[in-house]
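Here are my notes on the model you sent over. Have it open while you read, and go through the points in order.

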Amino acid sequence: MVNELKVYNRFGELTLHLRHSLGPAPELITIDATEDMRAAVAELRGNDFDRTIAKAGELVRLTADWTSSQFLPVLAQYLAMNFGWRTQTIEVKERASFVLTNVSEHRPESQPRVEFRSMPNLPLVPRPNIEIYGISAE
Amino acid sequence: MSSLASALAPITETDVRQTYQLDGRVEADDSETTVDFQVLAGTDDGAKVIYSVQCFTMAGLPILDRLERWLCDNKRLLGSNGRSRVACRVRFYVRGNFQGQGIASHIIGREDSLFRRWGAAEIQVTAMEDGRWVWTRPQFGYAIRAEDFLLLQQRYTEWQRERGALEVRRATNLVDFPRDFLLSTPNSLALFKTL
């Protein structure tokens, strides 16, 4: 299975395009990126993801194993929620049975907009692993 | 041995309570300080002690809005690969009329010592609101993961463009980001201090 992630900056420009190939030896391939984003990806490679961020006065924990199909979706959530970037994740299952596109866009006055588009009669994948603590700000 | 005593070892409940003695600052009545403990077993971070603290003045006024800490027995480290004991500063507000009197610095210093004695490899904090500026000041000794710094650098470049900057500056260190940027742009910062 292959996941792809595209990240757009505040001007709608593509700043990062990643491909995460799963299997016995997962790979994170940078298809396109700014210099800073490319360097950030190099640091992410091979490590489980675990960040706690603040959102609307709550602490939200985002976790995903490096070998998990949720690695890129969780990373996308982190980039959208914490930095206000628009993200798009594309999941392609073996034999291209369906494509799920998840678009999020930071909106300061509301929750991020999330859109799902899928082929008819095909299942949606689970949402990323998100844990919300009911704790207010520092 | 109780589950709390076991999770706290080699420190004790008394050690924790003594950490939050204000030693006469702001006319605090240290005999009235309360520490409430909760122990959670089998979390993703191993056994976890959650405690909250409240201090009062001689007149019975609360000094903190609330102080909450987690002692996680097996949490993923931010400063290196692997897992270990990690202390998390979750929430810490000093009430407005008691701010600027050295209470926070007094508590932070004593806590660092307590966490070190407990065996924490790291202190972690999710800096939000004013904490995004305060906790990134060098005197507190916090660091940020390399990838988070680079993501912040990318966002800082955009932030300057949004403001029509003629020349885009690059930060080389966490302290190079201006206050306005840190307080307006990332929702929070995942910071750590290696002990």
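1. Ground rules first. This is a predicted model, in which local features need pLDDT of at least 70 and side-chain atom pairs count only at pLDDT 80 or more, while totals for chains, interfaces and linings use all residues. Residues are numbered from 1 along each chain as its sequence is written, and chains are lettered from A and ligands numbered from 1 in the order in which they are written.

2. Chain A has 2 helices and 9 strands. Helices here are DSSP runs of H or I with at least four residues, strands are E runs of at least two, and both are numbered from the N terminus. Along the sequence the order in chain A is β-β-β-α-β-β-α-β-β-β-β. Of its 138 residues, 33% count as buried. A residue is buried if 20 or more other C-beta atoms lie within 10 Å of its own, exposed if 12 or fewer, and partly exposed in between, with C-beta atoms placed from the backbone.

3. Now the place where the chains meet. The contact takes 26 residues from chain A and 23 from chain B; two residues are in contact if their C-beta atoms, placed from the backbone, lie within 7 Å. On the chain B side, the elements giving two or more residues are S4 (83-94), S5 (122-128), H5 and S7 (188-194). The largest share, 9 residues, comes from H5(B). That side of chain B divides into 9 nonpolar, 7 polar and 7 charged residues. In this count Ala, Val, Leu, Ile, Met, Phe, Trp, Tyr, Cys and Pro are nonpolar, Asp, Glu, Lys and Arg are charged, and the others, Gly among them, are polar.

4. Have a look at H5(B) itself. The helix has 17 residues and reaches 24 Å from first C-alpha to last, close to the 24 Å expected at 1.5 Å a residue (the expected span is 1.5 Å times one less than the number of residues). Since 12 of the 17 residues are buried, H5(B) is largely enclosed by the rest of the structure. Among the buried ones are B:Phe149, B:Arg155, B:Tyr156 and B:Trp159. They pack against S2 (14-21), H1 and H2 (71-83) of chain A, together with S6 (143-144), H6 (179-184) and S7 of chain B. After the helix comes B:Gly164, with a positive phi near 70 degrees.

5. How do H1(A) and H5(B) cross? Helix H1 (residues 35-44) of chain A and helix H5 (residues 146-162) of chain B have axes that come within 8 Å and cross at roughly 165 degrees. Axes are lines fitted to C-alpha atoms, for helices over the stretch in contact, and angles run from 0 to 180 degrees between N-to-C directions. The pair is therefore roughly antiparallel (the cut-off is over 145 degrees). Residues meeting there include A:Met37, A:Ala40 and A:Leu44 from H1(A), and B:Ala146, B:Leu150 and B:Gln154 from H5(B). The residues of this contact divide into 7 nonpolar, 2 polar and 3 charged.

6. Some backbone spots in chain B to check. The peptide bond from B:Ala9 to B:Pro10 is cis, with omega near 15 degrees, and B:Pro10 is in the loop between H1 (3-8) and H2 (13-19) of chain B. B:Glu27 has a positive phi near 50 degrees without being a glycine; B:Glu27 lies in the loop between H2 and S1 (34-43) of chain B. With 13 C-beta neighbours inside 10 Å, B:Glu27 counts as partly exposed.

Notes: Angles under 35 degrees count as roughly parallel, over 145 as roughly antiparallel, 65 to 115 as roughly perpendicular and the rest as oblique.
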